[in-house]
Amino acid sequence: MPVKNQGGAPRGNKNAAGHGAPKKNKNAVKHGLYEKLSMDDMTEDEKNLYLSLLDASGHHEELAELRYKYICIMKSEDHNKHLLRQLVSKIRHILINECYVHTEYEDKQLKRKEVDKVIQELLKIV
């Protein structure tokens, strides 16, 4: 029975050594919504903006990060409505689940309106 071709490069082959994308490459990043923020990759202005948002959100990192990403998306040329809806949905989830919005209302419609007001306040561009 003949030996089947295994495919791929032979063992010890160094033809591709040193090739490929450099470390921390951002070529594939379109909008940054799903990207993990790193202070090392930010400019001084971006760091100052993020830190001011962190202070304004009561040191809640996830909320500050979402506000930062919202501002970055709004500053970009392409305002993707789907991304913005996703971002607002994540903020709403944080506000409701982590009790940032306290209401005495049993009516869900009234609670949603109150949450929406808080979201509008949070997303005012600095």
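**Reading helix packing**

Tutor: Of the 126 residues of the protein chain, 25% count as buried, where buried means under 20% relative accessible area, with a 1.4 Å probe and protein chains only. This is a predicted model, in which local features need pLDDT of at least 70 and side-chain atom pairs count only at pLDDT 80 or more, while totals for chains, interfaces and linings use all residues. Residues are numbered from 1 along each chain as its sequence is written, and side-chain values use heavy atoms, leaving out hydrogens and water.

Student: How many helices and strands does the protein chain have?

Tutor: The protein chain has 4 helices and 0 strands; these are DSSP runs, numbered from the N terminus, with helices (H or I) of at least four residues and strands (E) of at least two.

Student: What describes two packed helices?

Tutor: Two packed helices are described by the angle between their axes and the distance between the axes. Axes are lines fitted to C-alpha atoms, for helices over the stretch in contact, and angles run from 0 to 180 degrees between N-to-C directions. Here, the axes of helix 2 (residues 61–75) and helix 3 (residues 81–97) come within 10 Å and cross at roughly 160 degrees. Helix 2 is therefore roughly antiparallel to helix 3, a term for angles over 145 degrees.

Student: Which residues of helix 2 and helix 3 meet?

Tutor: E62, L63, L66, K69, Y70, I73 and M74 in helix 2 meet L83, L84, L87, K90, I91 and I94 in helix 3; contact means heavy atoms within 4.5 Å. The residues of this contact divide into 10 nonpolar, no polar and 3 charged. Nonpolar covers Ala, Val, Leu, Ile, Met, Phe, Trp, Tyr, Cys and Pro, charged covers Asp, Glu, Lys and Arg, and polar the others, Gly among them.

Student: At what angle do the axes of helix 1 and helix 2 cross?

Tutor: The axes of helix 1 (residues 44–56) and helix 2 cross at roughly 135 degrees and come within 8 Å. These two helices are therefore oblique to each other. The residues of their contact divide into 8 nonpolar, no polar and 5 charged.

Student: Which residues touch the most other members of the largest nonpolar core?

Tutor: A nonpolar core is a set of buried Ala, Val, Leu, Ile, Met, Phe, Trp, Tyr and Cys residues joined through side-chain atoms within 4.5 Å. Of the 23 residues in the largest one, L87 and I91 touch the most other members. Helix 2 gives the most to this core, with 7 residues. Leaving aside neighbours within four places in sequence, L87 is in contact with L33, L66, K69, Y70 and I73.

Terms used
Angles under 35 degrees count as roughly parallel, over 145 as roughly antiparallel, 65 to 115 as roughly perpendicular and the rest as oblique. Buried means under 20% relative accessible area, exposed over 50%, partly exposed in between (1.4 Å probe, protein chains only).
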